[in-house]
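Please look over the protein shown here before reading on.

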Amino acid sequence: MKWRNKGHEFDCFAKEIVQNFRAKGEKIYIFGAGLIGEEIRPILEKTGYFCGFIDNDTKKQAAGVNGAKVISLQDYLAGEGQGLVIIAADTKNIPVITKQLADAGLREVKDFYDRKDFMKNVFPVLTAYANDQIYVELAQICLTERCTLKCRNCAHGCYAVDSGSQDMSVEMAKESADSFFAHVDIVAEFVLIGGEPFLYRHLGEMIAYIGERYRDKIVVFAITTNGTILPDRLLLDLCKKYDITIRISDYSATITRLEKQYERLKEVLAQNQISYSISGKETQWMDYGFEMVDRNWQEKELIGVFDRCKTPCREIRGSRYYYCVMARSVSENLSLGLGAEDYLDLKELETEDRKILLEFQMGYSEKGYLDLCNHCNGADAVNYPIPAAEQVKTNNREKICEEG
């Protein structure tokens, strides 16, 4: 989207939702006291809006869930706590709960919302205008572009990066965190990524730096890894201390030797009480087409490409805030020379400019698109499946390690 009224794009929308929210006592109930509800609960708790769960399960109503009260819809309607209701359920149950709420006389987008719509489109605006808090769904610092693998069509172009390439300096990494958290109050997930982040010599220092200063602003503090390196004792202790979640990408369907490595990594993490998640075996990726696509489209068409994509993957690099981490990394790693100005400089933002950051975060910019949109399949990448993690060449210089 192209800025038309910079700093005021959401004023009318915000006035309506804030008035409605305040009329409901500034309270939010989550309908669904399961895993999905527990995911958004800590985000809402950081605003002070969360009041409890609504659930049809009488056992949960009696026992509560992790210290939070759980009430029935009937109790809610009887006045136990009026507020907004956010449906947090799996896809098959959303229509059932929607009908249950509608049959009770509640109105969608007035009295209740679906979780995805609310958290993506409403909550960031609500917190900015009602609470003066900037909320970001996902932000990353790319500490190194080097990787232990050389995956063909890597979405970051890391296969083109030499093993001797220079990583982000620790000074710049710290500046990145400071710049981001100087303006952002809540981030649902803050991730240290690569390349392969366990190659970064200063990883422990950065975990401690961010953990000490900003952990209270982060719901999930994570490291994304391909699982080829086992963290050493220092890193394990820091990950436990600062409640790091290790996100493991499973490429063993293509690189079969990794299967045993993943088992060892999971065993080490479990022994050290470090939370982790591992993807299902990845057999297919989407081809973004960075080296093949060349639309040569004009502004209107490119804005359409950008608006359909709406990637959640933000990157902070020094004081530069990039809407799409792939657009920056691919351009640099493949020497495309695109998007040199496709960022928001947080250094230039004053306190009163917080709405500008909100708007950029939600997809507004001077151009309304990124230069790389001309060379990316965007939302249509799902129509171009490719084998996952195919190796360009044997990687002899950076072997799979037992210790970092």
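Predicted model: local features only at pLDDT ≥ 70, side-chain atom pairs only at ≥ 80, totals over all residues.

Residues are numbered from 1 along each chain as its sequence is written, and side-chain values use heavy atoms, with hydrogens and water left out.

**Overall build**

- The protein contains 13 helices and 15 strands, which are DSSP runs numbered from the N terminus (helices are H or I with at least four residues, strands are E with at least two).
- Its radius of gyration is 22 Å, close to the 22 Å that the globule rule gives for 404 residues, so the protein is as compact as a globular protein of that length; the radius is taken over C-alpha atoms, and the rule is 2.2 Å times the number of residues to the power 0.38.
- Along the principal axes, the C-alpha trace spans about 65 × 55 × 40 Å.
- Of the 404 residues, 55% are buried, where buried means under 20% relative accessible area, exposed over 50% and partly exposed in between, with a 1.4 Å probe and protein chains only.

**Nonpolar cores**

- The largest nonpolar core has 123 residues, and those with the most contacts inside it are Phe118, Phe180, Phe190, Leu192, Ile207 and Ile210; such a core is a set of buried Ala, Val, Leu, Ile, Met, Phe, Trp, Tyr and Cys residues joined through side-chain atoms within 4.5 Å.
- Helix 6 (residues 115-130) supplies the largest share of this core, 8 residues.
- Apart from this core lies another, of 13 residues, among them Ile54, Leu73, Tyr76 and Leu101.
- Leaving aside neighbours within four places in sequence, Phe180 is in contact (heavy atoms within 4.5 Å) with residues including Val136, Phe190, Ile316 and Leu346.

**Helix 12**

- In helix 12 (residues 325-333), 8 of the 9 residues are buried, so the helix is largely enclosed by the rest of the structure.
- The cover over its buried residues includes strand 6 (135-142), strand 7 (186-193), strand 12 (314-317) and strand 13 (320-322).
- Serine 335, which follows helix 12, has a positive phi, near 55°.

**Asparagine 153**

- Asparagine 153 lies in the loop between strand 6 and helix 7 (170-181), and with 31% relative accessibility it counts as partly exposed.
- Not counting residues up to four places away in sequence, asparagine 153 touches Tyr159, Trp285, Asp287 and Ile386.
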